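Biologist: Can you walk me through this model? I have the sequence and the coordinates open.

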Amino acid sequence: MPAGTSLVGSLSSLLGQAEARTNARLASKELGKDAFLRLLTTQLKNQDPLKPMEDAAFIAEMAQFSSLEQMQNLNKLMEAQTQFASLSQASTMIGKHVTLVTPGENAETVKGVVSEVRQVGGVTKVVVDGRELDASSIQAVTSAPAQAAG
């Protein structure tokens, strides 16, 4: 095995380790519920027995923990309500004629009747002529098909 090969392998390995450490540092910037509990537990384990944590400070940290947990629960509830509202609103289009413009470089105008509404990965989709399309791309909704100008 040539000497350069092991150096390249070692360099590649070191770069991979550095990238993993950077990703771990970025992920650890968020202080979640588990990290908060670990921090509090460590703080309690390592406190000076002759100078224990004051009750007020302990109560304040527990209140912060409780607030964090409630905010996370509220955020989950709001996400669920937003998805339900979007699905509910889109369901009123079932049986209606819609005009959509697909996103991207090859944008295309699609016209047809909405036969179904779905939630896919938190995104509301409508099914038009068998095609699942993003409901946010709807341009027009009518109860009757658009008449061709003639």
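Modeller: Strands S2 and S3 (residues 123-128) are joined by 6 bridges in the antiparallel sense; two strands count as paired if DSSP finds at least two bridges between them. Helices (H or I, at least four residues) and strands (E, at least two) are DSSP runs, numbered from the N terminus. This is a predicted model, where local features need pLDDT of at least 70 and side-chain atom pairs count only at pLDDT 80 or more, while totals for chains, interfaces and linings use all residues. Residues are numbered from 1 along each chain as its sequence is written, and side-chain values use heavy atoms, with hydrogens and water left out.

Biologist: Which residue is the bridge partner of Val117 in S3?

Modeller: Val126.

Biologist: And how many residues lie between S2 and S3 in the hairpin?

Modeller: There are 2, and Gly121 in that turn has a positive phi of about 60°.

Biologist: What is the strand order in the open sheet?

Modeller: The order is S4-S3-S2-S1-S5, with antiparallel pairing. Strands S4 (131-134) and S5 (138-142) are the edges, each pairing on one side only.

Biologist: What does Val98 stand opposite in S5?

Modeller: Val141. In S2, the bridge partner of Val98 is Gly112. Strand S1 (residues 97-101) pairs with S5 over 4 bridges, and 5 bridges join S1 to S2 (residues 109-120).

Biologist: Changing topic: is Phe36 buried or exposed?

Modeller: Phe36 is buried, at 9% relative accessible area; buried means under 20%, exposed over 50%, partly exposed in between (1.4 Å probe, protein chains only). Phe36 belongs to helix H2 (residues 33-45).

Biologist: How far apart are Phe36 and Leu68?

Modeller: They are 32 residues apart in sequence and 9.2 Å apart in space, C-alpha to C-alpha.
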